[in-house]
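Work through the exercises below with the sequence and the model at hand. Each task is followed by a stepwise solution.

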Amino acid sequence: VVRRHLLQRYEHQPFISCLAGFYSCRWKRYQRRRTEPGKCCCKTGECVFFPLLVGAFCFSLLFLYMWGEAKNDYNNFDWYNYGNLGFWFLWSLVLLIVAAILFTYITLLLVLAMCLLAEGQQLYLHWSHKIGTFLVLGFSITALFTLSVLWGDQWKTVRLSFQITAPYLHIGAITIMVLLSWPVALHAIRADKKVVQVIIVGPYLAILLFLFLIPLGMYSPCIREMGTLGPKPALIGHRGAPMLAPENTEMSFQKTIEHSGDGLETDVTISYDGVPFLMHDSTLRRTTNIKEVYPNDTAQNAALFSWDTLKELNAGTWFLKDKPFSCMGSLSRADQNQAMNQSIYKLSNFLRLADSQNKLVIFDLYRPPEKHPYRNSWINRTLEVILNESGIRPHLVLWLENDMRSFVQSVAPGFQQTMGSKAPVEDLVMDNIVKLNLAYTEMSSEDIRKYAEANITTNLYVVNEPWLFSLAWCSGAHSVTTNAVHMLKNLSQPLFLMTPQQYNIMWILTDLTSVLLISLIFAL
């Protein structure tokens with residue numbers, strides 16, 4: 001009899017042994033303790049720590065979602081770090097991988113805890129996992145705080161993403177509540193006091209009701225009646241096609257044209273001897289071989305070099321070495337050879353190329369630094385090149401620079417005057433503005449529609465991700481500036497597009513199915 005009792009005591013329970021082993025490092029049965037459903041699931045210390053585990057899960061999920069949606073701006077993040085560290089590295093991708101690993105780890109711990117509770121086992125998190133939980137919690141909070149301080153606009157991206165993902169996040173949240181109904185029902189139904197049952201079931205039902213009603217407050221421009229979608233936004237290559245070729249080079253703009261881009265965007269700087277050329281950064285360090293040719297001048301402003309010096313620099317080898325985008329893909333041998341032989345591009349040549357292909361052009365014009373010969377005549381010199389040297393048809397030029405706008409309109413009335421910020425419609429019309437060039441974080445379907453009624457079109461920059469392009473399309477944007485012309489050209493309709501009737505059916509079916517499943521679980 002004693003031997004039989006001992007065998008029963010240590011009988012093999014593989015499932016529970018695995019759960020407790022991974023969660024508590026208690027692989028043997030005598031190390032574990034059962035708890036009756038409805039009773040406290042752990043000792044006081046563990047009761048205090050369990051909310052920290054839940055908090056770590058919530059913060060890591062929030063950071064992973066935020067950083068996942070920030071993919072559109074990874075290149076800007078890496079460029080910012082390059083400016084501070086002095087070398088190029090895909091820090092954005094590393095951060096995404098770390099966030100995914102930490103979230104997976106903390107999610108597995110939480111799933112193990114839920115399974116142990118469902119099996120009536122007391123919770124005891126091993127000390128190593130407690131350290132891991134603190135690390136995940138600390139990392140997530142620190143990362144969220146740092147990004148909020150240094151890159152606060154990213155929260156605007158998150159808010160925009162909800163206009164696309166909210167219907168699907170709603171389904172995911174309802175699914176989680178259905179899965180949680182089993183341990184909740186188990187502990188509530190077997191609780192020996194009504195007060196305990198209310199404490200367990202009350203918050204659960206309140207959250208469930210809140211989730212059921214959330215769709216009443218949802219808004220997405222991609223949920224619209226059939227036939228009300230506007231035309232696909234035109235695609236303007238941001239510095240050309242920088243995922244396929246070195247930015248702001250002839251090859252980059254040729255790639256945009258090959259992939260049927262509607263316009264070309266660039267950045268214009270004026271050399272010391274008055275030649276406008278294309279360069280985004282204030283120095284030549286990132287996108288040329290200046291470090292090899294003139295190692296002592298890497299920190300010097302690009303505008304302080306003569307054109308004779310600039311035209312001899314290589315502007316393509318860095319692209320093959322640094323691979324500035326994580327989703328670049330591999331280049332053909334011919335493209336690699338072409339990229340290696342790119343040089344700094346003159347504005348006049350850029351404009352001739354655009355004119356020959358009937359492409360719109362828009363550019364940021366940088367004022368030269370102090371003591372530069374063209375410090376006070378930078379706009380005049382640029383106009384000379386556009387009007388007298390390039391031969392581009394004026395209507396292809398989207399003039400963005402706001403300084404001396406009245407003068408520019410008087411000498412080049414054919415330019416399409418473009419404003420870089422929102423303003424009252426009356427002011428824009430008075431200034432002959434025909435297009436707004438706005439950061440995508442300022443996207444608003446209401447504002448776009450209001451400006452369109454006054455014949456003012458809207459361009460959004462920089463839009464790379466298909467979900468963001470879909471949102472811009474549904475919001476009525478007329479064009480977008482993008483690094484990914486070669487990808488966005490393939491979208492024949494916005495992602496996640498549905499009619500209100502389709503969404504209502506999805507919402508009602510989700511709620512009814514979840515109610516049925518939860519009722520069955522509580523009944524059983």
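**Exercise 1: the cysteines**

The link of C222 and C474 is right-handed, with 105° about the S-S bond. The model is a predicted one.

Task: Find which parts of the chain C222 and C474 tie together.

Solution. 
1. The sulfur atoms of C222 and C474 are 2.3 Å apart, and the cut-off for a disulfide is 2.5 Å, so the two form a disulfide.
2. C222 counts as buried at 1% relative accessibility, and C474 counts as buried at 5%.
3. The whole structure has 1 disulfide.

Solution. 
1. C18 is partly exposed at 38% relative accessibility, and C115 is partly exposed at 26%.

**Exercise 2: a helix pair**

Task: Determine how α4 and α5 are oriented to each other.

Solution. 
1. The axes of α4 (residues 74–85) and α5 (residues 91–118) come within 8 Å and cross at roughly 115°.
2. Angles of 65 to 115 degrees count as roughly perpendicular, so α4 and α5 are roughly perpendicular.
3. The contact of α4 with α5 has 6 nonpolar, 2 polar and 1 charged residues.

**Exercise 3: D267**

Task: Decide whether D267 is buried or exposed, and name its side-chain partner.

Solution. 
1. D267, in strand β2 (residues 263–270), has 2% relative accessibility and therefore counts as buried.
2. Its side chain makes a polar contact with the side chain of Y366 (3.1 Å).

Note on methods:
Residues numbered from 1 in each chain as written. Predicted model: local features only at pLDDT ≥ 70, side-chain atom pairs only at ≥ 80, totals over all residues. Heavy atoms only, no water. Axes fitted to C-alpha atoms, helices over the stretch in contact; angles between N-to-C directions. Helix = DSSP H or I, 4+ residues; strand = E, 2+ residues; numbered from the N terminus. Parallel < 35°, antiparallel > 145°, perpendicular 65-115°, else oblique. Nonpolar A, V, L, I, M, F, W, Y, C, P; charged D, E, K, R; others polar. Buried < 20%, exposed > 50% of the residue type's maximum accessible area, 1.4 Å probe, protein only. Polar contact = N/O pair within 3.5 Å; in protein donor to acceptor, adjacent residues only side chain to side chain.
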